[in-house]
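Hi,

Here is the structure I promised to pass on.

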Amino acid sequence: MVENRPVLNVITHLVLIIGIVIVALPIWITFVASTHDAVRMTQAPIPMLPGTHFWENFSQTLLGSGLSGTETAPVWRMLLNSLTMALMIALGKIAISLISAFAIVYFKFPFRMLFFWLIFVTLMLPVEVRILPTFEVVADLGMLNSYWGLSIPLIASATATFMFRQVFLTIPDEMLESARIDGAGPLRFFWDILIPLSRTNIAALFVILFIYGWNQYLWPLLITTDTDMTTIVMSIKQMLEAAEQSPQWNIIMMTALLAMLPPVFVVVAMQKLFVQGLTETDK
Amino acid sequence: MASITLKDLVKAYGDTEVLHHVEGEISDGEFIVVVGPSGCGKSTLLRMVAGLETVTSGTICIGDKVVNQLEPADRDIAMVFQNYALYPHMSVRENMAYGLKIRKISKDEIARRVEEAADILELRPYLERKPRQLSGGQRQRVAMGRAIVRNPQVFLFDEPLSNLDAKLRVQMRLEIRKLQQRLGVTSIYVTHDQVEAMTLGDRLMVLNGGYVEQFGTPIELYDRPATTFVAGFIGSPAMNFLPATVSAGMATLGNGARLANAGAANGAVTLGIRPEHLLQDDAGPVRVTVELVEQLGANSLLHGKLEGTDIEMVVSQPGHMSAAAGTVMGFVPANGALHLFHAETGKRIEP
């Protein structure tokens, strides 16, 4: 649609600018808050322009003990925990979904469709719904306070399985037949043909799943008691209620800022593949 | 190099039989074209030879080995698919080398064979490109190259030219034929295009509804079609069919016209005359009411109806010709150009 009407241009820009302001203002406030000292942040009105304490807050948050007067782990440790958990969830989900989609699309076995629908039905059972039995299982297996406990219960994924199934269905049958004539067995076909062909979809899914894993709140809260295993997302909430003192907004906001960075980095780095993966249809 | 023998071959999906007792002997180095309308089972037949479809009953031999139970990779065949089925993420070189790599052939040998095939197919400059950077004709060549490097006993082609434009199709058709003659590899080629079939095949297998209608050289099929189906399928424009009654060598058409030299048949028959075998003769017995004339330059196609009936007829005349719609023109069949078929079974009646 190509139109050239000045009034319309002004209006569209206005709408876009309003949208950006709505989205960006909280992030700006977070940034501003992380550049002032604790005292300034308790005074009204809250500042709208950056202060001078950025590096001080930065080093205290990232390397120091975070909130003064508490015994929490340093934020770098939490970032590491979150990163490990998010990576394990994202990569684990991708690996399992690829294999199960491969089985469902390319192999004929008894009750194939039943299994497919069983996987599909688990869409209705996110962690929050099955949280008690899952906790019980994880506790019995002795996986509390471990990376395994943080990630394994979240790894099975109906969404990703379904998506890879759709991707595989778009790959023409001749590709498989051609590979068979070339002498490629099922695993060879999987590695040499299917994985490279779903590369962009894997990347797109990785972005979504990484952020999903990174944003986990309830599950880590439940199964980690050790401060060394705290993830960054849950720590933000804990900082708010820490030790019966008024919230140290500068430190909390700095933590929030740091928590935002890795997902942003992942999205920016994989943006091209991400868009390709969601829009590309021809194989 | 090998011969192929199909013995009493049947394919059924559940209770539906799609191929009925196909028999065929293909000798070493022969180029066989399997031709028929869509849904006649020609691709199924090819895929059974390739090992991509199971055999319900009967046997397929390549050389003197029964291959019914062998995996496609173990049958020593190569197949060119309609959509080429090139691996989109591999370069032309990798595409051609993939099958050899799996067979654990040494790197030097692979490189030698790929380059040799690339030279034959004039693909040298494109070896490092991805399939999507190639034109339709080039992709087609890569698919051929993938078959050649394997050095197989049998080539299988599944309508390899149907995705190309008309001009390229004619060109590739010639190239495929030359290549096959040069390599001398036994080939089975499936197509629905009768011109392609006529020009390519040493012999043609005409399939209809899962039955082999006729298996012979293009000229045999043209001169002595075994059934009305083959007669109508081979040759362009298609043969004219006129219901007639024959007695004592004279055929009487529906409108009362009488034709001589109708052979030994007796009773109700279907009379076949090819459009190019009708010669203009004002006193001729076959009288056609003209509806439309198509001028093709080298010849003219006259569409009309047998006078006094609703039977559609096409007549092909050399050179230019014009006739107003509604005029009636007379034609006489060329000597020996009448084909007689049984009125019910459609089987050929030898004169």
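Which elements of chain B each supply at least two residues of the lining of the second largest cavity? They are β3 (31-35) and α1 (42-50). Before the rest, some housekeeping: this is a predicted model, where local features need pLDDT of at least 70, side-chain atom pairs count only at pLDDT 80 or more, and totals for chains, interfaces and linings use all residues. Residues are numbered from 1 along each chain as its sequence is written, chains are lettered from A and ligands numbered from 1 in the order in which they are written, and side-chain values use heavy atoms, with hydrogens and water left out.

Helices (H or I, at least four residues) and strands (E, at least two) are DSSP runs, numbered from the N terminus.

Now the cavities. On a 1 Å grid over the protein atoms alone, a cavity is a set of points where a 1.4 Å probe fits but cannot get out, while a pocket is an open set with protein on both sides within 12 Å along at least five of seven lines; lining residues have an atom within 4 Å of a point. Points are joined across faces, edges and corners, and a volume is the space filled by probe spheres set on them.

Searching the whole structure turns up two cavities of 30 Å³ or more.

The largest cavity comes to about 70 Å³. Both chains line it, with residues including Ser178(A), Ile181(A), Asp182(A), Met79(B), Phe81(B) and Arg146(B). Two or more residues come from each of α9 of chain A and, in chain B, β6 (77-80) and α4. By class, six lining residues are nonpolar, one is polar and three are charged.

The largest pocket has a volume of about 960 Å³. It is lined by 29 residues, and Tyr106(A), Lys108(A), Leu176(A), Arg180(A) and Leu52(B) are the closest to its centre. α9(A) gives the most to this lining, with four residues. The lining divides into 13 nonpolar, six polar and 10 charged residues.

Last, α4(B) and its two neighbours. Helix α2 (residues 92-102) and helix α4 (residues 136-149), both of chain B, pack at an angle of about 30° with axes 8 Å apart (axes are lines fitted to C-alpha atoms, for helices over the stretch in contact, and angles run from 0 to 180 degrees between N-to-C directions). α2(B) and α4(B) are therefore roughly parallel (under 35 degrees; over 145 is roughly antiparallel, 65 to 115 roughly perpendicular, the rest oblique). In the contact (heavy atoms within 4.5 Å), α2(B) uses Val92(B), Asn95(B), Met96(B) and Leu100(B), and α4(B) uses Val142(B), Gly145(B), Arg146(B) and Val149(B).

The axes of α4(B) and helix α5 (residues 166-183) of chain B come within 11 Å and cross at roughly 15°. That makes these two, α4(B) and α5(B), roughly parallel as well. Their contact has seven nonpolar, three polar and two charged residues.

Cheers

Conventions
Ala, Val, Leu, Ile, Met, Phe, Trp, Tyr, Cys and Pro count as nonpolar, Asp, Glu, Lys and Arg as charged, and the others, Gly among them, as polar.
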